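Please look through the sequence and the structure below before reading on.

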Amino acid sequence: MVAFHTYRPSPALAPHVQCYWHLRHESDASPPRFMHPDAGSGLIFTLTGALALDGEAMEMATLVCGPAMRSARVEFVGPLEAFGIRFYPGHGYPFFGMPLPELGGHRDLSLLPRSLQTFEALQERMAEVRGTDERIALIEASLLRRLGHCRTWHHPDLAQLLGMIERHRGTLPLSRLMAHSGIGQRQLERLFSTQVGFTPKQFSRLQRVGYARELVKSGMEASMTDIAYRTGFADQSHFTHEFRRVMGITPGAYHAKWWAMTTG
(Lines give C-alpha, C1' and ligand atoms only; values in the text may rest on other atoms or scores of the structure.)
Protein backbone atom coordinates (compact mmCIF):
# COMPACT_ATOMS: atom_id res chain seq x y z
CA MET A 1 0.00 0.00 0.00
CA VAL A 2 1.24 3.48 -0.92
CA ALA A 3 -0.05 6.62 0.79
CA PHE A 4 0.86 9.86 -0.98
CA HIS A 5 -0.14 13.39 0.07
CA THR A 6 0.81 16.85 -1.18
CA TYR A 7 0.88 20.12 0.77
CA ARG A 8 0.90 23.75 -0.31
CA PRO A 9 3.79 26.06 0.59
CA SER A 10 3.40 29.31 2.50
CA PRO A 11 2.69 32.50 0.48
CA ALA A 12 6.35 33.58 0.74
CA LEU A 13 7.48 30.40 -1.04
CA ALA A 14 4.44 29.77 -3.26
CA PRO A 15 6.04 31.46 -6.32
CA HIS A 16 8.89 28.94 -6.17
CA VAL A 17 7.56 25.71 -4.66
CA GLN A 18 4.97 23.57 -6.45
CA CYS A 19 4.33 21.47 -3.37
CA TYR A 20 5.74 19.46 -0.51
CA TRP A 21 4.87 15.79 -0.50
CA HIS A 22 4.87 12.87 1.91
CA LEU A 23 5.01 9.22 0.85
CA ARG A 24 4.63 6.12 2.96
CA HIS A 25 4.99 2.60 1.53
CA GLU A 26 4.31 -0.20 3.99
CA SER A 27 4.62 -3.46 2.02
CA ASP A 28 7.75 -5.31 0.91
CA ALA A 29 7.39 -4.62 -2.80
CA SER A 30 5.03 -2.97 -5.31
CA PRO A 31 4.82 -2.45 -9.08
CA PRO A 32 7.13 0.24 -10.47
CA ARG A 33 5.89 3.79 -10.89
CA PHE A 34 7.18 6.54 -13.13
CA MET A 35 8.24 10.14 -12.57
CA HIS A 36 7.62 12.08 -15.77
CA PRO A 37 9.77 15.15 -16.46
CA ASP A 38 8.21 18.61 -16.19
CA ALA A 39 11.48 20.64 -16.10
CA GLY A 40 11.09 21.13 -12.35
CA SER A 41 13.65 20.19 -9.72
CA GLY A 42 13.51 19.12 -6.11
CA LEU A 43 14.75 17.13 -3.15
CA ILE A 44 13.79 13.75 -1.70
CA PHE A 45 14.45 13.13 1.98
CA THR A 46 14.41 9.40 2.72
CA LEU A 47 13.40 9.08 6.36
CA THR A 48 13.24 5.27 6.50
CA GLY A 49 13.93 2.55 3.94
CA ALA A 50 15.22 2.96 0.39
CA LEU A 51 14.00 3.23 -3.18
CA ALA A 52 15.38 2.36 -6.61
CA LEU A 53 15.53 4.71 -9.61
CA ASP A 54 15.88 3.10 -13.03
CA GLY A 55 17.02 -0.08 -11.34
CA GLU A 56 19.69 1.57 -9.17
CA ALA A 57 19.22 1.38 -5.40
CA MET A 58 19.26 4.82 -3.79
CA GLU A 59 20.01 4.31 -0.12
CA MET A 60 21.28 7.79 0.68
CA ALA A 61 19.23 9.91 3.04
CA THR A 62 18.91 12.89 0.68
CA LEU A 63 18.52 12.81 -3.10
CA VAL A 64 18.76 15.88 -5.34
CA CYS A 65 16.46 15.74 -8.35
CA GLY A 66 17.74 17.99 -11.12
CA PRO A 67 15.81 18.74 -14.30
CA ALA A 68 15.44 15.56 -16.38
CA MET A 69 14.60 14.97 -20.04
CA ARG A 70 13.43 11.40 -19.57
CA SER A 71 10.95 9.61 -17.32
CA ALA A 72 12.46 7.74 -14.37
CA ARG A 73 11.21 4.38 -13.12
CA VAL A 74 10.68 4.33 -9.35
CA GLU A 75 10.56 1.09 -7.38
CA PHE A 76 9.91 0.62 -3.68
CA VAL A 77 12.14 -2.22 -2.54
CA GLY A 78 10.61 -2.41 0.92
CA PRO A 79 8.89 -0.28 3.56
CA LEU A 80 9.67 3.39 2.93
CA GLU A 81 8.86 6.83 4.26
CA ALA A 82 10.00 9.90 2.33
CA PHE A 83 9.33 13.62 2.27
CA GLY A 84 9.96 15.84 -0.73
CA ILE A 85 10.11 19.35 -2.17
CA ARG A 86 9.17 20.09 -5.77
CA PHE A 87 10.21 23.43 -7.32
CA TYR A 88 8.62 25.02 -10.35
CA PRO A 89 10.73 25.03 -13.54
CA GLY A 90 13.48 27.62 -13.17
CA HIS A 91 12.79 28.20 -9.47
CA GLY A 92 15.18 25.68 -7.94
CA TYR A 93 18.13 27.83 -9.00
CA PRO A 94 18.24 30.24 -6.01
CA PHE A 95 17.93 27.38 -3.52
CA PHE A 96 20.62 25.18 -5.05
CA GLY A 97 22.85 28.17 -5.83
CA MET A 98 24.40 26.57 -8.90
CA PRO A 99 23.61 26.13 -12.61
CA LEU A 100 20.90 23.48 -12.79
CA PRO A 101 22.61 21.35 -15.49
CA GLU A 102 25.29 20.57 -12.89
CA LEU A 103 22.69 18.78 -10.76
CA GLY A 104 22.19 16.11 -13.40
CA GLY A 105 19.13 13.90 -13.12
CA HIS A 106 19.03 12.28 -9.67
CA ARG A 107 22.18 12.71 -7.61
CA ASP A 108 23.49 11.68 -4.24
CA LEU A 109 23.86 14.90 -2.25
CA SER A 110 27.37 13.84 -1.15
CA LEU A 111 28.55 14.13 -4.79
CA LEU A 112 27.55 17.78 -5.05
CA PRO A 113 29.19 20.97 -3.67
CA ARG A 114 29.49 21.40 0.08
CA SER A 115 27.10 24.37 -0.04
CA LEU A 116 24.28 21.85 -0.47
CA GLN A 117 25.33 19.66 2.44
CA THR A 118 23.11 21.67 4.79
CA PHE A 119 20.18 19.76 3.31
CA GLU A 120 21.58 16.63 4.98
CA ALA A 121 21.32 18.33 8.35
CA LEU A 122 17.75 19.24 7.46
CA GLN A 123 16.99 15.59 6.71
CA GLU A 124 18.34 14.54 10.11
CA ARG A 125 16.17 17.11 11.88
CA MET A 126 13.11 16.02 9.91
CA ALA A 127 13.68 12.39 10.93
CA GLU A 128 13.60 13.46 14.58
CA VAL A 129 10.05 14.83 14.39
CA ARG A 130 6.90 13.00 13.37
CA GLY A 131 4.30 15.62 12.57
CA THR A 132 3.79 16.87 9.02
CA ASP A 133 3.38 20.48 10.18
CA GLU A 134 6.68 20.32 12.08
CA ARG A 135 8.51 18.91 9.06
CA ILE A 136 7.11 21.55 6.73
CA ALA A 137 8.10 24.26 9.21
CA LEU A 138 11.69 22.95 9.19
CA ILE A 139 11.75 22.87 5.38
CA GLU A 140 10.34 26.37 5.02
CA ALA A 141 12.75 27.89 7.52
CA SER A 142 15.65 26.34 5.60
CA LEU A 143 14.37 27.46 2.19
CA LEU A 144 13.69 31.01 3.34
CA ARG A 145 17.24 31.26 4.72
CA ARG A 146 18.71 30.08 1.42
CA LEU A 147 16.49 32.44 -0.54
CA GLY A 148 17.58 35.35 1.63
CA HIS A 149 21.26 34.54 1.04
CA CYS A 150 20.89 34.18 -2.72
CA ARG A 151 23.23 36.55 -4.58
CA THR A 152 21.97 35.84 -8.09
CA TRP A 153 18.37 35.54 -9.19
CA HIS A 154 16.16 35.48 -12.23
CA HIS A 155 16.38 37.57 -15.31
CA PRO A 156 13.30 39.77 -14.70
CA ASP A 157 11.43 38.24 -17.65
CA LEU A 158 12.28 34.57 -17.11
CA ALA A 159 9.03 33.67 -15.33
CA GLN A 160 7.05 35.38 -18.10
CA LEU A 161 9.00 33.54 -20.80
CA LEU A 162 8.39 30.19 -19.12
CA GLY A 163 4.72 31.08 -18.75
CA MET A 164 4.47 31.96 -22.44
CA ILE A 165 5.89 28.58 -23.45
CA GLU A 166 3.58 26.75 -21.03
CA ARG A 167 0.46 28.62 -22.18
CA HIS A 168 1.25 27.79 -25.81
CA ARG A 169 1.96 24.15 -24.87
CA GLY A 170 5.49 24.34 -26.25
CA THR A 171 4.52 25.52 -29.74
CA LEU A 172 5.67 29.15 -29.42
CA PRO A 173 8.43 30.05 -31.95
CA LEU A 174 11.80 31.04 -30.50
CA SER A 175 11.58 34.34 -32.38
CA ARG A 176 8.55 35.32 -30.26
CA LEU A 177 10.50 34.68 -27.06
CA MET A 178 13.44 36.71 -28.32
CA ALA A 179 11.17 39.59 -29.31
CA HIS A 180 9.51 39.60 -25.89
CA SER A 181 12.74 39.37 -23.90
CA GLY A 182 14.76 41.79 -26.01
CA ILE A 183 17.85 39.55 -25.86
CA GLY A 184 19.59 37.50 -28.52
CA GLN A 185 19.30 33.78 -29.09
CA ARG A 186 22.61 32.81 -27.46
CA GLN A 187 21.98 34.90 -24.37
CA LEU A 188 18.45 33.50 -24.11
CA GLU A 189 19.74 29.92 -24.37
CA ARG A 190 22.41 30.57 -21.71
CA LEU A 191 19.78 32.05 -19.40
CA PHE A 192 17.50 29.05 -19.79
CA SER A 193 20.33 26.54 -19.52
CA THR A 194 21.65 28.05 -16.27
CA GLN A 195 18.41 28.71 -14.42
CA VAL A 196 16.00 26.16 -15.96
CA GLY A 197 18.42 23.39 -16.91
CA PHE A 198 17.24 23.26 -20.53
CA THR A 199 17.36 25.39 -23.65
CA PRO A 200 14.05 26.99 -24.73
CA LYS A 201 13.75 24.29 -27.42
CA GLN A 202 14.20 21.47 -24.90
CA PHE A 203 11.75 23.03 -22.44
CA SER A 204 9.23 23.42 -25.27
CA ARG A 205 9.67 19.76 -26.21
CA LEU A 206 8.81 18.69 -22.66
CA GLN A 207 5.69 20.87 -22.75
CA ARG A 208 4.53 19.36 -26.03
CA VAL A 209 5.14 15.79 -24.89
CA GLY A 210 3.41 16.54 -21.58
CA TYR A 211 0.38 17.89 -23.45
CA ALA A 212 0.38 14.83 -25.71
CA ARG A 213 0.47 12.59 -22.62
CA GLU A 214 -2.60 14.39 -21.27
CA LEU A 215 -4.46 13.88 -24.55
CA VAL A 216 -3.53 10.20 -24.73
CA LYS A 217 -4.77 9.70 -21.15
CA SER A 218 -7.96 11.73 -21.67
CA GLY A 219 -9.63 9.00 -23.72
CA MET A 220 -10.56 11.50 -26.42
CA GLU A 221 -11.56 10.01 -29.75
CA ALA A 222 -8.52 11.06 -31.76
CA SER A 223 -5.88 9.19 -33.70
CA MET A 224 -2.20 9.47 -32.88
CA THR A 225 -1.83 11.51 -36.06
CA ASP A 226 -4.45 13.98 -34.79
CA ILE A 227 -2.68 14.24 -31.45
CA ALA A 228 0.65 14.77 -33.22
CA TYR A 229 -0.66 17.76 -35.17
CA ARG A 230 -2.57 19.14 -32.20
CA THR A 231 0.62 19.17 -30.11
CA GLY A 232 2.71 20.87 -32.78
CA PHE A 233 4.66 17.96 -34.27
CA ALA A 234 5.28 17.91 -38.01
CA ASP A 235 3.98 14.36 -38.46
CA GLN A 236 3.25 11.17 -36.55
CA SER A 237 6.78 9.83 -37.06
CA HIS A 238 8.33 12.90 -35.44
CA PHE A 239 5.74 12.76 -32.66
CA THR A 240 6.46 9.10 -31.93
CA HIS A 241 10.22 9.72 -31.89
CA GLU A 242 10.02 12.65 -29.46
CA PHE A 243 7.43 10.97 -27.22
CA ARG A 244 9.56 7.84 -26.90
CA ARG A 245 12.66 9.97 -26.33
CA VAL A 246 11.05 11.46 -23.22
CA MET A 247 8.69 8.73 -22.02
CA GLY A 248 10.73 5.66 -22.96
CA ILE A 249 7.81 4.07 -24.87
CA THR A 250 5.73 4.96 -27.93
CA PRO A 251 2.43 6.87 -27.63
CA GLY A 252 0.53 3.73 -28.66
CA ALA A 253 2.22 1.62 -26.00
CA TYR A 254 1.63 4.33 -23.38
CA HIS A 255 -2.07 4.46 -24.31
CA ALA A 256 -2.35 0.66 -24.04
CA LYS A 257 -0.70 0.64 -20.59
CA TRP A 258 -2.83 3.51 -19.34
CA TRP A 259 -6.03 1.89 -20.64
CA ALA A 260 -5.15 -1.46 -19.03
CA MET A 261 -4.37 0.23 -15.70
CA THR A 262 -7.57 2.32 -15.60
CA THR A 263 -9.96 -0.38 -16.83
CA GLY A 264 -8.38 -3.42 -15.18
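Buried here means under 20% relative accessible area, exposed means over 50%, and partly exposed is in between, with a 1.4 Å probe and protein chains only. Helices (H or I, at least four residues) and strands (E, at least two) are DSSP runs, numbered from the N terminus. The model is predicted, so local features need pLDDT of at least 70 and side-chain atom pairs count only at pLDDT 80 or more, while totals for chains, interfaces and linings use all residues. Residues are numbered from 1 along each chain as its sequence is written, and side-chain values use heavy atoms, with hydrogens and water left out.

Begin with strand β7, residues 62–65. In a regular strand the side chains alternate between the two faces of the sheet. In β7, Thr62 and Val64 point one way, Leu63 and Cys65 point the other way, and all are buried. Two strands pair if DSSP finds at least two bridges between them. β7 runs antiparallel to β4, and 4 bridges join them. Within this pairing, Cys65 of β7 is the bridge partner of Gly42.

β4 also pairs with β9, in the antiparallel sense and over 7 bridges. Ile44 stands opposite Gly84 in β9. What other strand pairs with β9 in the antiparallel sense, over 8 bridges? That strand is β2, and His25 has Leu80 in β9 as its bridge partner. β9 is mostly covered, since 7 of its 8 residues are buried.

Cys19 lies in strand β2. Cys19 counts as buried because its relative accessibility is 17%. Contact means heavy atoms within 4.5 Å. Leaving aside neighbours within four places in sequence, Cys19 is in contact with Thr6, Tyr7, Pro9, Gly84, Ile85 and Arg86. Cys19 and Arg86 are 67 residues apart along the chain, yet their C-alpha atoms are separated by 5.6 Å.

Next come the cores. A nonpolar core is a set of buried Ala, Val, Leu, Ile, Met, Phe, Trp, Tyr and Cys residues joined through side-chain atoms within 4.5 Å. The largest nonpolar core has 29 residues, and Leu177, Phe192, Val196, Phe203, Phe239 and Phe243 touch the most other members. Two or more residues of this core come from each of α4 (158–167), α6 (185–195), α7 (200–218), α8 (224–230) and α9 (236–247). α7 gives the most, with 7 residues. Not counting residues up to four places away in sequence, Val196 touches Ala39, Pro67, Gly90, Leu100, Leu158, Leu162, Leu191 and Phe203. Another core lies apart from the largest one and has 25 residues, among them Phe45, Leu100, Ile139 and Leu143.

Met224 is found in helix α8. Beyond its neighbours within four places in sequence, Met224 is in contact with Val216, Gln236, Phe239, Pro251, Gly252 and His255. Met224 and Thr240 are 16 residues apart in sequence and 8.7 Å apart in space, C-alpha to C-alpha.

Now to the empty space. Rolling a probe the size of a water molecule over the atoms shows where empty space is left. A pocket, on a 1 Å grid over the protein atoms alone, is an open set of points where a 1.4 Å probe fits, with protein on both sides within 12 Å along at least five of seven lines, and lining residues have an atom within 4 Å of a point. Grid points are joined across faces, edges and corners, and a volume is the space filled by probe spheres set on the points. The largest pocket holds about 840 Å³ of space. Its lining has 31 residues, and Phe4, Trp21, Phe34, Met35 and His36 are the closest to its centre. β1 (2–7), β2 (17–25), β3 (33–35), β4 (41–48), β8 (72–76) and β9 (80–87) each give two or more residues to this lining.

The second largest pocket holds about 340 Å³ of space. Residues that line this pocket include Phe34, His36, Arg213, Tyr254 and Trp258. β3, α7 and α10 (251–263) each supply at least two lining residues, and α10 gives the most, with 4.

Two loop residues remain. Asp54, in the loop between β5 (51–53) and β6 (56–58), has a phi near 50 degrees, a positive value in a residue other than glycine. Arg169, in the loop between α4 and α5 (174–181), has a positive phi of about 55 degrees although it is not a glycine. Arg169 counts as partly exposed because its relative accessibility is 33%.
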